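Thanks for asking me to look this one over. My notes follow as numbered points, beginning with the core and moving on to packing, rings and charges.

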Amino acid sequence: REGDISYMMIRVATSSSRSVFSLSRPLLLGNGRRFYTTSSSSTPPSSDQTHFGFQTVKTEDKEKLVGDVFHKVANKYDVMNDVMSVGIHRLWKDSFVSTLNPVPGSVLLDVAGGTGDIAFRCYDKMSSLSPLSSSETERGKITVLDINPSMLAVGQDRARQRNILSSSSLGPKMEWVEGNAQKLPIEDETIDAYTIAFGIRNCTDIPLVLREAHRVLKKGGRFMCLEFSQVNLTGLRQLYDFYSFNLIPVWGHLISNDYASYQYLVESIRKFPDQETFKQMITSAGFKLSSYENYSYGIAAVHSG
């Protein structure tokens, strides 16, 4: 959001074509060229219909259909991401949180973050900087919000194993909330940073999700989204398409006995807006300084506003 928040400001490099923020992991980054594809359009066929992968479904049905997918994959979520990204998602998430750079005292909201992958990384970062004598307010707070109780259950189990289910003397308070990204149960302008990783493409109304993110962020707050995107390197694009459509669903069947869920996940990536289109959607939701940076030549991208 518009304003000044020094602890989460990113270095912005401006060119004639776009703004990007600078990361320190060149191995993860693409070559900056943009790739456009009409197949990634997220425009629904009509006002009462939307996409579920390559299928056209009633808008009112998508939430349940997506919910069913994540109920099925919740217990093998890390395996799913390993299959979808060939294991690189762990490096992407590390870089994502490093760029966010949360500090003690921050109030963070991680949406569609049920299993805690981003939240735990933020917790570790904030804890490492928090004095032992600091108060709960000084340590900050992380709220993990997810619409899917199965995903939240996985994250809460992991938090118990780390002994940080709610709070500890070393790190920020942790809160786990079942809620909808399209109608956040959070007051206006109360959040310092809003993160969402590999979740926004599964939402029914993405523009509404972005407006809700803008509503709950304080002035000067930071929106950051990590999502699979459109590959911008021609040879890699064909190879990734072959891998995605021919191998990922088969691996899903072998690993989880679930071909259909992995097929949907592959298709949902192709229906998600390309980098430039999504950047404009973020700007339309009211964010300033919208920018993006490709990871692995656009297999994934980080969007910020």
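1. The largest nonpolar core has 48 residues, and F70, I142 and L226 have the most contacts inside it. A nonpolar core here is a set of buried Ala, Val, Leu, Ile, Met, Phe, Trp, Tyr and Cys residues joined through side-chain atoms within 4.5 Å; buried means under 20% relative accessible area, exposed over 50%, and partly exposed in between, with a 1.4 Å probe and protein chains only. Helix α4 (residues 117–129) gives the most to this core, with six residues. Helices (H or I, at least four residues) and strands (E, at least two) are DSSP runs, numbered from the N terminus. Apart from this core lies another of 25 residues, including A181, I200, C225 and F278.

2. A word on the basis: this is a predicted model, in which local features need pLDDT of at least 70 and side-chain atom pairs count only at pLDDT 80 or more, while totals for chains, interfaces and linings use all residues. Residues are numbered from 1 along each chain as its sequence is written, and side-chain values use heavy atoms, with hydrogens and water left out.

3. What is I142 in contact with, leaving aside its neighbours within four places in sequence? The partners are L108, A119, C122, Y123, M126, P172, K173, M174 and E175, where contact means heavy atoms within 4.5 Å.

4. Now to the helix packing. Helices α8 (residues 234–246) and α10 (residues 259–271) pack at an angle of about 145°, their axes 9 Å apart. The axes are lines fitted to C-alpha atoms, for helices over the stretch in contact, and angles run from 0 to 180 degrees between N-to-C directions. From α8 the contact takes Y240, D241, S244 and F245, and from α10 it takes Q263, V266, E267, I269 and R270.

5. The count of aromatic pairs comes to nine. Rings of Phe, Tyr and Trp (its six-membered ring) pair if their centres lie within 6.5 Å; planes under 30 degrees apart count as stacked, over 60 as edge-to-face and the rest as tilted. The rings of F198 and F228 have centres 4.6 Å apart and planes at 35°, so this pair is tilted. F198 lies in the loop between β8 (191–197) and α7 (206–216) and F228 in strand β9 (residues 217–228), so the pair ties together parts 30 residues apart in sequence. F198 is buried at 5% relative accessibility, and F228 is buried at 1%. W92, F198, F228 and Y295 form one aromatic cluster.

6. For the charges, the structure holds 12 salt bridges, each a side-chain nitrogen of Lys or Arg within 4 Å of a carboxyl oxygen of Asp or Glu. One of them joins D188 to R215, with the closest N and O atoms 2.6 Å apart. R215 is partly exposed at 24% relative accessible area, and D188 is partly exposed at 48%. R215 also meets E212 in a salt bridge (2.7 Å, N to O). E212 and R215 are three residues apart in helix α7, so they are separated by about one helical turn.

7. Another salt bridge joins the side chains of D192 and K218 (3.2 Å, N to O). D192 sits in strand β8 and K218 in strand β9, 26 residues apart, so to speak a link between distant parts of the chain. D192 is buried at 8%, whereas K218 is partly exposed at 29%.
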